[in-house]
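Biologist: I am new to this structure. Please show it, and then I will ask about its parts.

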Amino acid sequence: MRTKKVKEDLRPKIKIQIDSRTTITVRSMEAWKAWKERYPDAVLIE
């Protein structure tokens, strides 16, 4: 029986700091824009 190959996700990882305690990771700039609309004080970390 063959084992499955693990597919590597090549999309970029974008980290966002919403407030002093909350950091999230998104995979696209469209997601970043959506978070920025909800949280105007959000900061792009990486």
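**Sheet, helix and rings**

Modeller: This is a predicted model. Its open sheet has 3 strands with antiparallel pairing, in the order E2-E1-E3.

Biologist: Which are the edge strands?

Modeller: An edge strand here pairs on one side only. That holds for two strands, E2 (23–26) and E3 (43–44).

Biologist: Which residue in E3 does Ile-16 stand opposite?

Modeller: Strand E1 covers residues 14–17 and runs antiparallel to E3, with 2 bridges joining them. The residue in E3 opposite Ile-16 is Leu-44.

Biologist: Which strands does helix H1 touch, and what angle does its direction make with that of E2?

Modeller: Helix H1 spans residues 29–38 and packs on the sheet. The strands touched by H1 are E1, E2 and E3. With the direction of E2, the direction of H1 makes an angle of about 145°.

Biologist: How many aromatic pairs does the structure hold, and is the pair of Trp-35 and Tyr-39 stacked or edge-to-face?

Modeller: The structure holds 1 aromatic pair. Trp-35 and Tyr-39 form it, with their ring centres 5.8 Å apart and 20° between the planes. Planes under 30 degrees apart count as stacked, so this pair is stacked.

Biologist: Which residue has its charged end over the ring of Trp-35?

Modeller: The charged end lies 4.9 Å from the centre of the Trp-35 ring. It belongs to Arg-38.

Technical notes
Residues numbered from 1 in each chain as written. Predicted model: local features only at pLDDT ≥ 70, side-chain atom pairs only at ≥ 80, totals over all residues. Heavy atoms only, no water. Pairing = 2+ DSSP bridges. Helix = DSSP H or I, 4+ residues; strand = E, 2+ residues; numbered from the N terminus. Contact = heavy atoms within 4.5 Å. Axes fitted to C-alpha atoms, helices over the stretch in contact; angles between N-to-C directions. Phe/Tyr/Trp six-rings, centres within 6.5 Å; stacked < 30°, edge-to-face > 60°. Lys NZ or Arg CZ within 6 Å of the ring centre and 35° of its normal.
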